[in-house]
Amino acid sequence: MSIRMANVGGETLVSEEQNFGAQATGVEWTIIILTCQYKDSVYAFQRELEIRQRKGSIAPGVVLLTVGDPEAHVGSGGATLNALLVAAEHLSARAGYTVVTSDVLQTARLLILHMGRDFPFDDCGRSFTCFPMENPTGKAEALVCNIDVLLHLMTHKLGPGSPPGVWVCSTDMILTVPSYPDICWDGFSGVRVVSIPGTVSYARNHGVYLIDREGYICDIIYKGTEEKIKECALQDGRVPLVSGIVFFSSETAEKLLATHVIPPLDGCTYMGLDSGAHPVQLSIFFDILLCMARHIGKEAFVDGARRILQSGDITPPSTDAATMSSARAALWQELRGIPITAVLITDGGYDYMSLSPDDHIRNLTRRGNVSDCFVSRHVVYSKLTHPALLNENCSVINSLLDGETRVDANSVVQHCHLEGSIHLGSGCLLSGVDVPSSLALQRRQLCDVIIQGHHIRLRGLQLRTFTIMGRLDDLQVPFSNRSSTFLNVPWSTFFERTGIKKEEMWAPSRLENNLLNAQLFPILHASEPIGLEDVLWLLGRQDGRDLRKWQSAWRLSMREILSCLDQQAELAWRQQLFLARAQHQVQSTLHTRRDSSLCPLIRAAVCEGHEQQILHTLDTVAATTKDLGVAARALACVADVLGCMARGRGGLRSGPAANRTWTGAFRLLESGNVALGVEKLTEERSKWLSRPDLLVRAARHYEGAEQILIRQAVMSAHEFISMSKAELPPMNHWLVAECPARIDISGGWSDTPPITYEHGGVVLDVAVLVDKQKPIGAKARRILEPKLHLVMSRGGREQGMPLEITCQSLDDLKDYCQPHAPGALLKAAFICTEIIQYPSQVSLRDQLMAGFGGGFELHTWSSLPHGSGMGTSSILAGAVVAALISAAGKSCDTTSLIHVVLHLEQILTTGGGWQDQVGGLVPGIKVGRSKPQLPLRVDIERIPATGEFVKTLNDHLLLVYTGKTRLARNLLQDVLRNWYARLPSIVQNTDALVRNAEECAQAFIKGDLSWIGRCLNTYWQQKKCMAPGCEPLAVREMMTILQPHVHGQSLAGAGGGGFLYLLTRKPRQKEAIERILRASEGLGNFSVHEVEVDETGLTVCLTGPEGHPSLTLIT
């Protein structure tokens, strides 16, 4: 026996409460056990379970075991007993016991999933048959297999509420449970089966339960007569089908476990076989459960008069009658008397995955959701070059269709990579076909056929072969039966068409002569590889050459091929296709600038161990694109990959990104050599992959690299800056620039790069006086000394202790791009306006004397507190630039000035959008807009407002300083990360921000304060969605207190503190608001300020040497 076990302490990329959106409300499994028929496949399927756990569909604390059947064909009952023994052994060891003890089952919750027998239509069995479905709420992309649907149903619908015990679930059926069943477990003991009602006609080929009025199972009938089946009918005429799901209480599970030491039942387990016992084949339903049914007598049961194989078995029984009778006698002795009851899922659906090709195609093409967690689509996880050629009633699953591939209704393509012009008519299934093989399909008209490529391992050889059959063929009907067909025609027609003789397909043996046993399919030629042509020729007439080639080949039957499948190679092929599609999606999404999130794809790649391939794809996009915005997003995605690889360890994603080892790559990016810069980033990245903390730090540096490219993209706004020469003002005469503050009424965040040039932005701002003053300003003058004298006041214009800096050489300007360095903004302004050339071979002194006959003195001030949220830094940058260029004999209009500030903030490396300078430099009420394109251009529309409306607005506007401050940059990093990830909530919210801003403009035009207030409240909710955490508790309490008194309210700017602005219901409410807030405890040091619309915006005045105004230059 082979067992693979997951690491119990393994990390998952998704927190437990996020699993399938509701893991916390589902069953908390102790162990999930998957039984599989072939020992060689244990590792492959164990990996599949572990991947699902990493992706979050299985909770992180669950122990995962994949258990190979101890011997081939032990049956579902033998596999259950063996799995129960392995689980008990594992739990016993974990509890510190040295022998297996059944006590460990008393509190455990086990789920045993049986993969069951070979399935001729999917090489990974019924369990891992992929459906045309997606889980739209999944945190990581994943193909949806039958086992995923059943796991979800067991965890969230059927299992919740059950006591400790063992659930056993077959995976050979498609189960539908639309509702959440209310299963009563009060007073439960023994065994409970889950049944789905079905029709009498369907039950003729399946098992049904006979249930008495009290809900107890009286009999289990398999393929009974119509009369016998009708005896089981429910009140609505339907009958309770055997659905393949059973629950054993912990007490019953202990009794079942005890049978593993009783001969001959010990032959069902690996432990018994290792002790020399002979293998025994048991059915869970018709052996283990049947002995508990009320109407079953001991003699009939033990004698085996009703011995029944599992439905769908394609392997003959392997246990002799005497051994079987002995096994049944032991079961009767140990389990008889245990109550067995049924629960009916009246709105459920049950479809056994039969050996009918037609049924299988129908299962893969029907629509309708089997669960509320999964959504049916006709194309899932596939790359198509001509999607219009697919009929909406076909299904394409995990495939690459490169070329004009036409797929008609009711046909399926899965796990294929096809090239060229191919036409699949209706009723086809194409599976496992690669590019070289697909070339043979271009010359064929296919209809109602199933063509499959198989990976097999035979005598140490890894081979690839192909099979073909008709949609209407029956694999098990004897050749001698008149209804028997191959490729949808009678065998006689097939023999006549191909020249093949019956004796060449069926050698004398005890096996029945049917399609399943026909040695039709070549697996090896003496001198050439097997190709799809080796089975396609069976569709048409032969010319003798094909027949001789077929006759000389080593051939196997479908049954023989199924017995030597290389399931690990098949899963690897599927993952290869899934990855190739993902890589193409990455390239397509980035190059076409789609607002689709790549996070689920990235998580999937990391969970499956394909992170290096995705990183390579992202590197290639970043290095080869000519679009800086695309390159920046690609680098942001690299950061996300690295963050995922850290798996929640290694620290916060936000942090410093200036390690010297990355400097070389950063310099290349800043110089415009993106391709070489990306190459250097990749080289450095390879040194940071060994530990979670290094991965997180590397992710931070990729975000730093992304910021460099964003800055360069925003610098394209330089194209819209126009400056002209003006008269140089007299020496020592001040140029004084004063600006209002701004309040953002709606649309903020949409102006932030890269959102503003990838999505497009719309912001409505109002320029305001605070306490009747313009709170922000700068003044500049030329001085005789060739130096730069910088003075920054921390309070208002004449308040506080100023910080003074003198720059006498270019070296004093070198920290201009370090935003926290003293005077960095002022230094950057000299460089941005090209008053000073930096770097330069010409000294600062010589530049100043040659250009201006001396130096400059520059003062700045703001009466607003740090972190006010009212756009102080950007508006101050505008004031500084306006004063400087005027003092230097230059001029520009306000639109150019707005773009100069954008450029300046990129030089300063603070980033930032354009709404602040639009709000503070342009007077009154206005809307700024930018289109989703580069170069970045901002257009401004003034909103017309009558004097009466402005007066009304002034009477209803108030500012409340909250006493809380928070830097927007702390919020900015998270917002940009979420935007680059294209989280659906962020994309939708950005759309809503823009819509709300346009609506708010209409409200202002109408002069409707109530409407404006509603827009304002909507805007605050949108801000909180964009940047969770921007609402401190004290601010939330303050807003709750004020809510009855206002039409609307919002924190200014990004939020997190600063000023709260109110649109009050009543006019002139300053004193009333102060009283209301003072009456509330715990609000801290707040203050209430008058605010009114400023109708002049930026003003620049020329004054005399003593500062007296003499001329207004700009208004």
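1. Ground rules. As the model is predicted, local features need pLDDT of at least 70 and side-chain atom pairs count only at pLDDT 80 or more, while totals for chains, interfaces and linings use all residues. Residues are numbered from 1 along each chain as its sequence is written, and side-chain values use heavy atoms, with hydrogens and water left out.

2. The whole chain. The protein chain has 35 helices and 46 strands; these are DSSP runs numbered from the N terminus, with helices being H or I of at least four residues and strands E of at least two. Its C-alpha trace spans about 120 × 75 × 60 Å along the principal axes. Of the 1115 residues, 61% count as buried (buried is under 20% relative accessible area, exposed over 50%, partly exposed in between, with a 1.4 Å probe and protein chains only). Take the contacts (heavy atoms within 4.5 Å) between residues at least 6 apart in sequence: 71% of them join residues at least 24 apart.

3. Helices α18 and α20. The axes of α18 (residues 599-607) and α20 (residues 628-645) come within 9 Å and cross at roughly 45°. That makes α18 oblique to α20. Axes here are lines fitted to C-alpha atoms, for helices over the stretch in contact, and angles run from 0 to 180 degrees between N-to-C directions; under 35 degrees counts as roughly parallel, over 145 as roughly antiparallel, 65 to 115 as roughly perpendicular and the rest as oblique. Cys599, Ile602, Arg603 and Val606 of α18 meet Cys637, Asp640, Val641, Cys644 and Met645 of α20. By class, this contact has seven nonpolar, no polar and two charged residues (Ala, Val, Leu, Ile, Met, Phe, Trp, Tyr, Cys and Pro are nonpolar, Asp, Glu, Lys and Arg charged, and the others, Gly among them, polar).

4. Met645. This residue of helix α20 is buried, with a relative accessible area of 15%. Beyond its neighbours within four places in sequence, Met645 is in contact with Val606, Glu611, Gln612, Leu615, Leu689 and Leu695.

5. Helices α25 and α28. The axes of α25 (residues 824-832) and α28 (residues 894-907) come within 9 Å, crossing at roughly 120°, and the two helices are therefore oblique to each other. Leu825, Ala828, Ala829 and Cys832 in α25 meet Val900, His903, Leu904 and Ile907 in α28. The classes in this contact are seven nonpolar, one polar and no charged residues.

6. Helices α22 and α23. How do these two run relative to each other, roughly parallel or roughly antiparallel? The axes of α22 (residues 674-685) and α23 (residues 692-714) come within 12 Å and cross at roughly 170°, which makes α22 roughly antiparallel to α23. Val674, Leu681, Thr682 and Arg685 of α22 touch Tyr702, Ala705 and Leu709 of α23. Five of these contact residues are nonpolar, one is polar and one is charged.

7. Cysteines. The structure holds zero disulfides, a disulfide being a pair of cysteine sulfur atoms within 2.5 Å. Cys428 is in none, and its nearest cysteine sulfur, that of Cys447, is 5.7 Å away. Cys428 is buried, at a relative accessible area of 1%. The sulfur of Cys817 is 13 Å from the closest cysteine sulfur, in Cys832, which is too far for a bond. Cys817 counts as partly exposed, at 30% relative accessibility.
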